[in-house]
Amino acid sequence: MNVLAIDSSNVTMGVAIANEEVTLGELITNVKKNHSVKLMPAIEQLMQETGIDPHDLERIAVAMGPGSYTGVRIGVTIAKTLAWTLQAELVAVSSLAILAQNGRFFEGVICPLFDARRGQVYTGLYAPHNNKVTQIKDDRIVLLSEWLQALRAVDKPILFLGQDVGLHQAMIREHLGQQAVFAAATENQPRPSELAWLGMQGEPVESIHGLVPTYLQLAEAETKWLAQQEGK
Amino acid sequence: MKTSEGTIILGIETSCDETAAAVVADGRRILSNIVASQIKSHKRFGGVVPEIASRHHVEQITMVCEAALEEANMDWQDIDGIAVTEGPGLVGALLVGISAAKALAFAHQIPLIPVHHIAGHIYANRFSAEFQFPLVALIVSGGHTELIQMPGHGQYELIGETRDDAAGEAFDKVARILGLPYPGGPEIDRLSAETEPTLSFPRAWLEEGSFDFSFSGLKSAVTNAVHNAEQRGAALEKADVAASFQQSVIDVLVTKTMRAVKEYKAKQLLVAGGVAANRGLRQAITQAAQNAGVELIIPPIHLCTDNAAMIAAAGTINFLAGERAAMDLNAHPGLELINV
Ligand SMILES: [Zn+2]
């Protein structure tokens, strides 16, 4: 099975093409450039170099968020449009799960995170399991301080993954001491080949039309509107 | 330029709050025209919320494309080009349509054609009648008030534009002052039909000979009139205010447009954009065009508001002129209208 993996949900932009267990090609940039401009040319280039024709694609795997609203929309729109028009299967994978894959050999639990501003993070908790991480606490947006409080109950070492971990390292250390483990820089970058691999194992969505990004948050205008309604 | 006969274009439009796809043949025959409107979703906010618009576009985009192809009874090998709105518009909203269009063009190796949203509004008129040049087009919508002179297909000379609010924006703001529901334009039009304009509001003619517009002074005058009346405890009749405001807008639009028709010796006058659905404007400009002896084209109301058939129609002209975009096409929220 030929799988195309697409991740434009955060700063790292990644595209991979895999055939069964073999990654045929992988293209990653980590320069905070415009994903709307760079993503389709990256897909085009990688497919050309691997000699895969769009119609040879049997499955598309996409990072469905959480992350940058616009970034994830670009990836999800391209993935669902390709899957629909090429009659390929579509698998949506949590952007946090993709990142957590980098810690799959860690003996303990894995906490991937993306900064979500105002002291909040997008995060979840994963455990390594036969080469593939499984989720043990749902993805969420949460105040990092609250999240770290809750993590104290975990009785294993916790590996923190993600390029935004550095922003919060002192606070994590303060709450968790030596229980917190930090990764090397290369492990903090999500890899599209891991997305392809997860996509290969995953269950295709029932409705390609119905796939929407995971935002984990209402639009700001909606939150305000709801607050106003409650005030009435 | 080659003729449009035999060309089949898929159009995609997501610049604001309508997710739309359409198939157009010969540049002027609609084979399908699918529009998923989000108006209900934005109503409670009193205006379009960009983030919510973008979210809806992702939900709808593949469905409207599928419906457009099915209704046109077309396969991908029948499609000569995929035309998509490049701008102007809301950047996040535009990006959904552009991403989908790029994916489709790549998957089927079909040319990708960028289209200016206003060119689309102008070409909505080509479903009603073939263009005769030179022509003058008045574009009036929530985001635009422009007078454009066209010497030929795909040739646009901007001769006048608004210096502050767009006409449709002024309608929405006045509607809000009067406490009318969103969208306000149609409400003002409805109220105006009930009465004669009796209040005198200003008309901004600007410098001698200028084709530009300005509606902010009018908006302030309406606001002041309503507030002053409230302070005196003598609330104004909403219908009076609506009718008088609308008359002031129409007077300026029609007078300047007819002067442009005369100056550019236009064979046709085109009216386009959401405000072209306004009955008061349609009546006044129909009368003025008749008096001046110029052929008037106004699209039917469902083609005045945003749709993808108009993007496919303008895209046909761009396609024949050899306009192509590569896979790095980006959204341009402030895109200028240039010749193709
Ligand atoms: Zn428009």
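**Ground rules.** Residues count from 1 along each chain as its sequence is written, chains are lettered from A and ligands numbered from 1 in the order they are written. The model is predicted, so I kept in mind that local features need pLDDT of at least 70, side-chain atom pairs count only at pLDDT 80 or more, totals for chains, interfaces and linings use all residues, and side-chain values use heavy atoms, with hydrogens and water left out.

**Zinc.** I started with the metal. The protein donors are His117(B) through NE2, His121(B) through NE2 and Asp306(B) through OD, lying 2.1 Å from the zinc ion. Donors here are N, O and S atoms within 2.8 Å of the metal (3.2 Å for Na, K and Ca); water is not among the atoms, so sites may look incomplete. I jotted down the spacing as H-x3-H-x184-D. His117(B) sits in helix α4 (residues 117-123) and Asp306(B) in the loop between α10 (301-304) and α11 (309-320), so this pair, 189 residues apart, links distant parts of chain B. For helices I used DSSP runs of H or I, at least four residues, and for strands runs of E, at least two, numbered from the N terminus. His117(B) and Asp306(B) are both buried, where buried means under 20% relative accessible area, exposed over 50% and partly exposed in between (1.4 Å probe, protein chains only).

Next I checked the UniProt record. Its unreviewed entry has a "binding site" covering Ile139(B), Val140(B), Ser141(B), Gly142(B), Gly143(B), Asp172(B), Gly185(B), Asp189(B) and Asn278(B). From this set, Ser141(B), Gly142(B), Gly143(B), Asp172(B), Gly185(B), Asp189(B) and Asn278(B) are in the lining of the largest pocket. A pocket, on a 1 Å grid over the protein atoms alone, is an open set of points with protein on both sides within 12 Å along at least five of seven lines, and lining residues have an atom within 4 Å of a point. UniProt positions use the numbering here, feature names are shortened, and annotations may be inferred rather than shown by experiment.

**Helix α6 of chain B.** I then followed two of those residues. Gly185(B) is in α6 (residues 184-192) and is buried at 16% relative accessibility. Leaving out residues up to four places away in sequence, Gly185(B) touches Phe171(B) and Asp172(B), contact being heavy atoms within 4.5 Å. With its neighbours within four places left aside, Asp189(B) contacts Gln246(B), Ala277(B), Asn278(B), Arg279(B) and Gly280(B). Seven of the nine residues of α6(B) are buried, so the helix is largely enclosed by the rest of the structure. The cover over its buried residues includes α5 (167-177), α8 (238-263) and α9 (279-292) of chain B.

**A/B interface.** Last, I looked at where the chains meet. I have 34 residues of chain A in contact with 30 of chain B. The two chains bury about 2900 Å² between them, 68% of it on carbon and sulfur atoms; buried area is the accessible area (1.4 Å probe) that two parts lose on being put together, summed over both. Arg73(A), Trp84(A) and His209(A) supply 21% of the area chain A buries against chain B, more than any other three residues. There are two salt bridges between the chains, each a side-chain nitrogen of Lys or Arg within 4 Å of a carboxyl oxygen of Asp or Glu. Arg44(B) makes a salt bridge with Glu222(A), with the closest N and O atoms 3.0 Å apart.

Notes
On a 1 Å grid over the protein atoms alone, a cavity is a set of points where a 1.4 Å probe fits but cannot get out, and a pocket is an open set with protein on both sides within 12 Å along at least five of seven lines; lining residues have an atom within 4 Å of a point.
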